[in-house]
Protein chains: 2
Amino acid sequence: MAGDPAARGLADDCAVLEFGGEALVLTHDTMVEGVHFLSQQSAEDVAWKLVASNMSDLAAKGAEPIGVLLSYQLGPDDAAFLRGLQDALTHYGAALLGGDTVSASGPRTFGLTAIGKATHRPVPARSGARPGDRVWITGPVGRAMLGLDALRSGNGDSTFYRRGQALLKEGQELAPLVTAMMDVSDGVLLDAKRLADASGMTIDLTRKAIPIAAPEERRDEALSWGEDYELLFTTSPGAVLPIAAHPIGTVCERVENALLLDGSAPPERLGYEHN
Amino acid sequence: MAGDPAARGLADDCAVLEFGGEALVLTHDTMVEGVHFLSQQSAEDVAWKLVASNMSDLAAKGAEPIGVLLSYQLGPDDAAFLRGLQDALTHYGAALLGGDTVSASGPRTFGLTAIGKATHRPVPARSGARPGDRVWITGPVGRAMLGLDALRSGNGDSTFYRRGQALLKEGQELAPLVTAMMDVSDGVLLDAKRLADASGMTIDLTRKAIPIAAPEERRDEALSWGEDYELLFTTSPGAVLPIAAHPIGTVCERVENALLLDGSAPPERLGYEHN
């Protein structure tokens with residue numbers, strides 16, 4: 001794939017800006033038709049997903065949403081998109097602050113910049129995991145995967161794919177306690193590796209301890225599937241969690257691999273690589 | 001053209017957010033290949049334009065830049081784009097805070113969210129013009145138009161098209177004084193009409209008073225051409241300007257037309273309509 005490493009690095013994390021005793025959290029996600037959503041998906045659901053994925057980034061910072069700026073490529077379904085956008089913004093308590101609209105041919109492209117206010121400082125980052133920390137996840141992975149199956153087959157419940165829920169409240173409750181946190185957007189294995197890399201550590205995950213919503217025979221698939229918006233975080237060994245979560249591994253000093261599965265090197269393809 | 005009016009309305013203005021005792025100014029511009037820039041333009045120049053157009057939005061608010069979030073569609077020229085981006089960000093004193101990258105086919109699409117800090121409050125808006133106010137512009141229009149001619153013909157100086165300059169310093173100096181302000185991005189006539197509409201007023205421009213950088217026979221064209229990034233603003237009649245500017249009209253109570261040229265209805269096509 002094309003791509004300068006410096007350009008790819010942009011996707012890494014939220015920005016945090018300090019003003020007068022407050023910390024502002026900023027994030028941007030871009031979604032392209034045929035890449036991040038299916039052409040046949042309803043515009044309402046696409047708008048929801050655009051908001052939810054940004055809100056999930058804020059959740060991982062323990063931030064509360066303020067508002068969003070939308071980059072919108074006009075099409076035949078503008079009213080439906082705006083309805084879905086309004087639903088999602090109301091749900092998450094974020095205001096539509098502004099943005100830009102363009103008319104263009106080619107696959108539809110939508111972008112959203114979300115702005116939030118940190119509820120705890122230091123603001124959780126990916127980089128804070130330390131040797132001996134425990135690794136946790138807030139819930140099972142694979143629900144969005146099953147939802148997409150349902151959407152494609154017309155059989156079963158597609159809600160978790162279409163209307164993923166960003167865990168803002170959970171992120172805010174966890175923020176004071178975690179040593180590192182991020183949302184699982186590209187698969188728990190890949191994202192755990194990213195957290196380990198950002199922290200300069202190695203994370204050893206216990207494969208069977210990772211909760212999955214899918215049948216056991218689809219475990220590997222579920223571990224490499226994103227969009228569940230669960231929170232992946234680390235705490236010091238003795239920490240008492242304010243919410244339910246699943247312990248799935250430990251942090252150790254960096255060895256050759258940033259990620260281990262049951263103490264061994266993981267499969268080559270960990271999750272959804274954007275580029 | 002397609003487009004829900006509510007969606008089109010997004011392009012209207014910057015957002016102003018009170019945060020931590022500061023007024024933050026946020027804006028987003030999206031640029032699409034073949035619509036907002038030519039496929040054959042250098043990636044450096046495209047990156048510059050993306051930054052400059054956002055900085056010009058900040059200038060109209062009297063804001064000083066803090067940083068940007070980039071939405072970037074990867075391509076064969078990523079290193080060149082990043083060079084141009086870095087040049088522009090250094091020039092304007094803005095940091096690259098983050099963003100997102102996508103791989104996609106179709107026309108390249110780039111977006112930039114810029115964040116600035118207001119240097120004066122109330123932050124200038126488009127809506128503040130009052131009857132009797134004078135209308136001003138900071139400099140001539142038509143330079144970007146001539147620059148594009150040069151670029152297309154390979155003859156002459158294309159700098160003003162390729163490397164437009166956002167007037168941040170001028171915007172900051174004017175902010176305490178203006179009753180309304182915006183940057184000229186889609187043509188002075190169209191943008192004056194927008195300012196008049198936002199203020200619920202009518203603006204009467206003196207056609208010959210509008211400074212143009214082009215030959216007189218291209219006046220009409222220059223008046224409907226954007227991308228010069230000059231600032232269009234209104235002041236109370238007795239105001240003494242801190243910088244040089246050209247008086248080009250007056251504000252009066254709203255009549256049928258939001259814009260008049262020498263007291264009469266203007267031509268139907270005022271400037272560059274995005275949708």
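Predicted model: local features only at pLDDT ≥ 70, side-chain atom pairs only at ≥ 80, totals over all residues.
**Chain A, overall**

I began with the secondary structure of chain A and found eight helices and 11 strands. I then looked up the extent of the C-alpha trace, which spans about 55 × 50 × 40 Å along its principal axes. For 275 residues, a compact globule would have a radius of gyration near 19 Å, and chain A agrees with this at 18 Å. I noted that 55% of the 275 residues in chain A count as buried. I also checked contacts between residues at least 6 apart in the sequence of chain A; 86% of them join residues at least 24 apart.

**P76(A)**

Next I located P76(A), which sits in the loop between β3 (63–73) and α3 (78–92) of chain A. Is P76(A) buried or exposed? I found 9 C-beta neighbours inside 10 Å, so P76(A) counts as exposed.

**Helix α7 of chain B**

I turned to α7 of chain B, residues 188–199. From first C-alpha to last, this 12-residue helix reaches 16 Å, close to the 16 Å expected. Because 10 of its 12 residues are buried, α7(B) is largely enclosed by the rest of the structure. Among the buried ones I listed V188(B), L189(B), L190(B), D191(B) and S199(B). Which elements do the buried residues of α7(B) pack against? I wrote down β6 (134–137), β7 (180–183), β8 (201–205), α8 (219–223), β9 (231–235) and β11 (259–261) of chain B.

Conventions. Residues numbered from 1 in each chain as written. Chains lettered and ligands numbered in written order. Helix = DSSP H or I, 4+ residues; strand = E, 2+ residues; numbered from the N terminus. Rg over C-alpha atoms; globule rule 2.2 N^0.38 Å. Buried ≥ 20, exposed ≤ 12 C-beta atoms within 10 Å, placed from the backbone. Contact = placed C-beta atoms within 7 Å. Expected span 1.5 Å × (residues − 1).
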